Amino acid sequence: MKNVICPGSFDPLTNGHLDIITRASQIFDKVIVAVLHNPNKKPLFSMDERVEMIRESTKHLNNVEVESYSGLLVDYARQRGACAIVRGLRAISDFEFELMHASVNRKLAPEVETVYMMTSNEFSFLSSSVVKEVAAFHGEVSCMVPSAVAEKLKEKFNS
Ligand code: ADP
């Protein structure tokens, strides 16, 4: 069994994230979407909300599980028996950060590979921050996020 981890903040999940998760699910036996609990960040959505939105948006993918995690990603990967960490790459600007993390993770756990998937062209501009900015000004986000996320964003910014 080739299990992989798709880690991230997912605050909230976008169509760009979903594209990477879907493509990973077509290559690997099991994809564990791991939602990071980062005490240094103040997310818009709580952990439970983020996990729930991803579960709802990936329920059609039989080999995808969604969990939260805190601590070192490589420890979590080992604990879940994952052979690789899957990350998405958008622009050159992502590269430096990703290279640093992949290098540190390889030092800590050489048996856990990091695999990068290039963004699909139509999602290359998408990030959770852009989505939140548009939603905060009541712009249309239904083309950027799954419907479960669009609904939650409306609730957040209309209340
Ligand atoms: P993090 O805070 O760990 O970067 P994110 O939730 O922003 O978490 O992203 C999780 C993963 O999804 C990262 O690998 C990121 O590069 C990738 N990603 C985010 N947006 C896109 C996109 N539009 N296309 C492809 N990959 C993306």
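**Note on M144, S128 and a helix pair**

1. M144 lies in the loop between helix 5 and helix 6. Helices here are DSSP runs of H or I, at least four residues long, numbered from the N terminus. This is a predicted model: local features need pLDDT of at least 70, side-chain atom pairs count only at pLDDT 80 or more, and totals for chains, interfaces and linings use all residues. Residues are numbered from 1 along each chain as its sequence is written, and side-chain values use heavy atoms, without hydrogens and water.

2. Is M144 buried or exposed? M144 is buried, at 11% relative accessible area. Buried means under 20%, exposed over 50%, and partly exposed in between (1.4 Å probe, protein chains only). Leaving out residues up to four places away in sequence, M144 touches T14, N15, L126, V131 and V134. Contact means heavy atoms within 4.5 Å.

3. S128 belongs to helix 5 (residues 128-136). S128 has 14% relative accessibility and counts as buried. Beyond its neighbours within four places in sequence, S128 contacts D11, P12, T14 and H17.

4. Helix 2 (residues 47-57) and helix 6 (residues 147-158) cross at roughly 145°, and their axes come within 9 Å. Axes are lines fitted to C-alpha atoms over the stretch in contact; angles run from 0 to 180 degrees between N-to-C directions. Helix 2 contributes E49, M53, E56 and S57, and helix 6 contributes A148, V149, K152 and K156.

5. M100 sits in helix 4 (residues 92-108). M100 is partly exposed, with a relative accessible area of 49%.

Definitions and conventions. Helix = DSSP H or I, 4+ residues; strand = E, 2+ residues; numbered from the N terminus.
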